[in-house]
Amino acid sequence: MGNGTGRKGGMGDGIGKPDSSAKIYIWGTGKYGKRVLQVVRKENGQVAGFVDNDPARRGKPYEGYPVMSFQEIAGKYDFLVIGIVKYESVLYQLEAEPGIDFSKIVVFFDEQFCEDPRYAHILDPQKWRLLLLEEKVAQLENILQARMDNLGYEIIDKYNKNFYRFPRLGKTEDAVYRMVNEGCSLVRFGDGEFEIMAGKERPVFQKYDPILAKRLREVIASTDEKLLVCIADNYGNLDAYTQEGADEVRFYMKEETRNFHMSMLSPDRVYYDAYLFKSYFFYKNRQDTPKRVHLIKKIWEKRDIVLVEGDKTRTGCGNDLFDNANSVKRILAPTQNAFDRYDEILEAASGLAPGCLILIVLGPMSNLLVYDLMKKGYQAIDLGQIDMDYEWYKRGVQKRVPIPGKYVSQLPPAEIGEVEDEGYRGQILKRIGD
């Protein structure tokens, strides 16, 4: 909070005066929408409704108010209050909209707005400050607790690795070498895969399924030498990551979570880093990003590749991620809950030409598809969220922001339009789930 957006503008001579005609919309129907609503000074304005990017939330009342898209309310508000803690993605979205008057945009969780008297007539300053203080205290408590809980493992990893059995992690360079020169396939186990194996709901893009959980356990236990198994390098020292990234790891790696992970992993196996396709956003040292990108691009250099991905994922579309490949084709499946169509997806991929490199971006079920295709003689690789990270790298952004025309799993759901690019359309071999 309080990083300063620099977007506040003048409101004219009437600012600060009660205006019972002020029409106010609140952006965000999640955790804080109700709290923001309580801070609005209704004697000086009228809450006309809420805004949300998620199509599933629209058309349904929230706290008795209608929920709409921004396009539906554009030009119809006197004030738009962004009531989301991680508001940067919304501001990034608004900056792409034509004719936005940022003097009408109030960023609720930016403290600079709270201290600005120009907004005191629509938001009660005292209630506003109290809510921000409560949020800041809660955040600090959670961060400090997570850091203290994880500190022992981070210290042991740096100074006395023999005191605790950490998973054995090989070098990313070795993993790339084996994929390029030995034809190895690769699977990646992150928080979503482990949570499903533990019988929990985790990823927003894949609901829990007991068959999926069982098969994931089968894959992670495989001893096939042609299968490289990746896990996130989250178990000890986190110095390579940004402070925000490291804290996200600490929040996740509770003692129960750590113990479950270790029960699934073999002390004798060499694993590789599941972050190998995240070259930019997570890392403190971003000067080395071009070097990391160059390394992973070797995997598909001069290869005929087929992407098996979600229909809204569009990996490499609109950027140069695969410019060094010989050719690019695609099989499109549902972006969410792709496991429901697993047999159809496997059948479609099993009909591809021998010798092609199959790159899969379908959430937790990607690992199953890699494993089953490998047994059929194909080389397959779970790419994960590579395109999202690559787009952020090309933009040089410091916060997670929307990528127009693409599904971004690390942000709240949003409406995604169709792609008009004829080059992309010409790459599509088959659509599953139409």
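Predicted model: local features only at pLDDT ≥ 70, side-chain atom pairs only at ≥ 80, totals over all residues.

Biologist: Let's start with α8. Which of the residues in helix α8 are buried?
Modeller: In α8, which spans residues 210-220, they are Leu212, Ala213, Arg215, Leu216, Val219 and Ile220.

Biologist: And what covers the buried residues of α8?
Modeller: The cover includes two strands, β7 (185-189) and β8 (227-231). Helices α7 (191-197), α10 (255-264), α12 (342-350) and α13 (366-375) are also part of that cover.

Biologist: What does the side chain of Asp209 reach at the start of α8?
Modeller: One of its oxygens comes to within 2.8 Å of the backbone nitrogen of Ile211.

Biologist: Switching to aromatics, how many pairs are there?
Modeller: The count is 20 aromatic pairs. One of them joins Tyr241 and Tyr283, edge-to-face, with 5.9 Å between centres and 65° between the planes.

Biologist: Where do Tyr241 and Tyr283 sit in the chain?
Modeller: Tyr241 is in the loop between β8 and α9 (243-252), and Tyr283 is in the loop between β9 (270-273) and α11 (289-297), so the pair links distant parts of the chain, 42 residues apart.

Biologist: Buried or exposed, that Tyr241?
Modeller: Tyr241 counts as buried because its relative accessibility is 4%, under the 20% cut-off. Tyr283 is buried too, at 11%.

Note on methods:
Residues numbered from 1 in each chain as written. Heavy atoms only, no water. Buried < 20%, exposed > 50% of the residue type's maximum accessible area, 1.4 Å probe, protein only. Helix = DSSP H or I, 4+ residues; strand = E, 2+ residues; numbered from the N terminus. Contact = heavy atoms within 4.5 Å. Polar contact = N/O pair within 3.5 Å; in protein donor to acceptor, adjacent residues only side chain to side chain. Phe/Tyr/Trp six-rings, centres within 6.5 Å; stacked < 30°, edge-to-face > 60°.
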